[in-house]
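Subject: Model handover

Hi,

Here is the structure you asked about. My notes follow below it.

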Amino acid sequence: MRIYPAKPKTVYFYGTCLVDMFDPEAGLDAISLLEQQGLEVIFIEKQTCCGQPAYSSGYTKEAKLVAQNQMDLFVDPWPVIVLSGSCGGMMHHHYRRLYQGDSAQATVEKFCNRVFELTEFLVNVCRIKLEDKGDATSVVMHTSCAARREMNVHVTATQLLNQLQNVELKIPAYESECCGFGGTFAVRHPHISQAMVEDKTRHLSETKAAVLVSADWGCLLNINGAFEYQGQSLKGRHIASFLLERIGGK
Amino acid sequence: MNHSSKGPEHFHSQAKAALGDPQLRQNFRGAMDYLQDKRKSAFHDPVEEEKIRDLSEAIRQRCLSKLPQLLELLDTNCTRNGIEVHWAENSDEANDIIARIAQRHEAKLIIKGKSMVSEEIELNHEMAKLGIECLESDMGEYIVQLDGDKPSHIIMPAIHKNKQEVSDTFEHHLDNFTPTLDVDELIQTGRTRLRQKFYDADIGLSGVNFAVAETGSLCLVENEGNGRMCTTVPKVHIAITGIEKVVEFLSDVPPLYSALTRSATGQAITTYFNIISSPRKSGERDGPLEVHLVLLDNGRTQAYQDADMRKTLQCIRCGACMNHCPVYTRVGGHAYGTVYPGPIGQIISPHLMGLDKTKELVTASSFCGACAEVCPVRIPIPDILQRLRTAAKNPPEADMIPMTGQASAASTLESLAMKGFAFAATTPTLYHAGTWSATKLKGLMPDNIGPWTQCRTSPKFADNTLHQLIKTRNKKKGETS
């Protein structure tokens with residue numbers, strides 16, 4: 001179990017490359033959520049990508065280069081809030097592995113311990129209380145496997161959605177099963193990935209929920225792309241945008 | 001239908017073929033759902049589950065930490081008990097050992113209790129060359145053998161078949177069989193056909209679940225009773241096992257046994273649990289006159305040499321990782337083209353067969369982590385897979401022992417792309433230029449971007465990047481404050 005710090009005054013914000021390119025509004029919404037908690041939010045402009053694509057493809061050296069470059073940007077001891085469980089998992093767990101036996105190991109560990117996924121941070125550090133101002137609706141959530149199994153943040157995301165009085169949370173069949181994205185997996189093994197995303201989209205739409213939310217844009221690229229291809233109306237959005245909208249912050 | 005595969009080099013085409021077989025997919029999904037539920041009900045208390053996993057992991061790690069000594073001790077104590085111990089470095093040596101024993105007894109028929117290691121060394125095939133028949137007596141293996149097929153799961157070899165297909169197999173291969181969908185009747189048919197074979201066989205061959213160094217005894221976990229028949233009725237019993245199956249104490253067995261059966265079939269205990277400690281002693285009325293133990297390496301020491309890879313050898317062959325793997329569930333065991341399929345197969349096969357043959361397999365995971373989540377001995381399968389991917393792409397570091405087939409997946413183009421990625425991700429101006437152009441030139445994004453768009457539309461870039469939006473936001477803030 002992770003031990004959480006007291007609420008700080010300032011946090012670093014890590015947008016992730018996918019939010020950067022595909023859903024930047026989610027980034028702004030997450031910043032608003034954090035600011036509403038009375039935090040000063042610092043966005044380091046030189047941030048790029050956590051290095052996961054190289055890491056998961058077996059290019060450890062390249063991943064380490066990227067990791068070092070990113071870590072060097074966050075010099076002050078503030079928490080680093082990451083907008084995805086998968087990138088959070090990379091920076092919280094796998095950066096350590098990259099530096100196993102390295103002289104910088106201790107420094108890297110300190111950085112890793114400062115990395116939090118957004119929902120995890122809102123629940124466990126900010127102890128956020130959400131007041132739902134929206135109309136009655138239903139939502140289904142998808143968490144990335146890394147969010148679920150490396151970061152345990154399916155729990156915190158659920159806690160946030162459960163705070164919303166007028167939102168009914170629907171649970172899909174095979175809730176914890178992978179959507180078939182897996183970064184380069186979707187490209188290296190397209191047929192298996194297809195079988196997985198087709199099952200995933202079916203289970204999500206079978207809940208008849210009005211909205212799909214996720215904190216992981218990798219999964220959403222995959223799932224939304226499949227929904228659109230199938231001509232379905234259900235579309236996933238980042239949980240930060242959904243939460244902000246529900247509390248009337250937008 | 002025969003689903004036999006051509007090997008792990010053909011994973012792509014084998015997986016594609018499996019995905020295109022709706023009956024196969026339905027059979028696997030149904031079977032995996034059933035097994036997942038069974039496991040869940042066996043571990044209804046999560047606190048207890050974690051305790052069992054902690055204990056099992058600790059036992060396996062302790063035993064592996066002294067593997068060479070324990071193997072020596074096992075040899076000494078087995079020998080003292082009258083069990084003849086043989087060491088085999090590879091499949092050929094193991095087959096030679098078994099062939100010599102068989103020829104000494106002029107054996108014509110070997111009856112086998114389930115043994116994945118005998119599949120690993122292709123025993124049936126090698127013995128057939130010498131005119132010795134090997135007959136599978138595990139019901140699943142028997143069905144698979146009738147079809148000229150191979151197991152698709154390590155503990156449930158015929159799980160890819162439903163009862164209709166089993167009935168079809170029997171109808172096709174057995175005389176006087178009336179097709180039926182009554183499972184008990186199907187099982188009874190197999191049992192009846194096999195019964196006389198236990199008496200006719202010259203040798204019984206089994207695997208080993210736990211080899212106990214302290215007592216020199218071999219433990220066999222099974223449900224059908226065929227394992228007991230194989231190891232007691234024929235006059236010679238040959239047990240074959242990978243070297244990693246040794247445990248230090250007899251007291252190590254109960255926790256591992258419990259972890260194994262609960263994880264595999266959701267059982268608290270199996271119908272049969274055999275402890276074999278010697279051949280028949282004088283005055284005893286049954287049991288084999290000779291017991292042999294073949295200890296097989298076949299690449300396992302390569303895994304043993306590396307602290308991370310060594311965790312692969314913690315495996316107690318419960319199959320829970322494959323039962324929970326979304327890839328295995330979709331493509332089934334035969335697609336892997338290896339004796340051990342699914343997640344454990346993906347991490348053990350590179351040691352047994354070399355990375356050159358298995359480089360496709362190590363990429364066939366979305367790193368979802370379901371396997372590690374259920375592994376009763378906590379093997380960090382995704383982490384080991386990541387290491388194997390690195391080894392497949394790169395030559396060994398100066399202080400590392402090379403793996404067989406290391407760097408066989410090295411690709412100049414991909415390596416260049418990854419170097420390019422690393423350069424862009426460490427050069428903010430280049431990264432920003434890239435993401436900026438992606439958003440500005442999104443109209444140029446083709447609708448068809450290869451495999452991605454065979455079931456998905458291509459990703460839609462936003463109008464502006466987050467970097468740009470934040471710049472604008474900060475500017476506005478500056479103006480208003």
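Residues 139–223 of chain A have end C-alpha atoms 15 Å apart. That span is 49% helix and 13% strand; helices (H or I, at least four residues) and strands (E, at least two) are DSSP runs, numbered from the N terminus. This is a predicted model: local features need pLDDT of at least 70, side-chain atom pairs count only at pLDDT 80 or more, and totals for chains, interfaces and linings use all residues. Residues are numbered from 1 along each chain as its sequence is written, chains are lettered from A and ligands numbered from 1 in the order written, and side-chain values use heavy atoms, without hydrogens and water.

The other span, residues 12–91 of chain A, has its end C-alpha atoms 14 Å apart. It is 54% helix and 11% strand. An unreviewed UniProt entry annotates both spans as "domain: Cysteine-rich". UniProt positions are in the numbering used here, feature names are shortened, and annotations may be inferred rather than shown by experiment.

Now the sheet. Four strands of chain A form an open, parallel sheet in the order 6-5-7-8; strands pair if DSSP finds at least two bridges between them. Strand 6 (167–170) and strand 8 (236–238) of chain A are the edges, each pairing on one side only. The twist averages 40° from one strand to the next. Axes are lines fitted to C-alpha atoms, for helices over the stretch in contact, and angles run from 0 to 180 degrees between N-to-C directions.

Strand 5 (residues 137–141) of chain A pairs with strand 6 of chain A over four bridges. A:S138 stands opposite A:E168 there.

Regards
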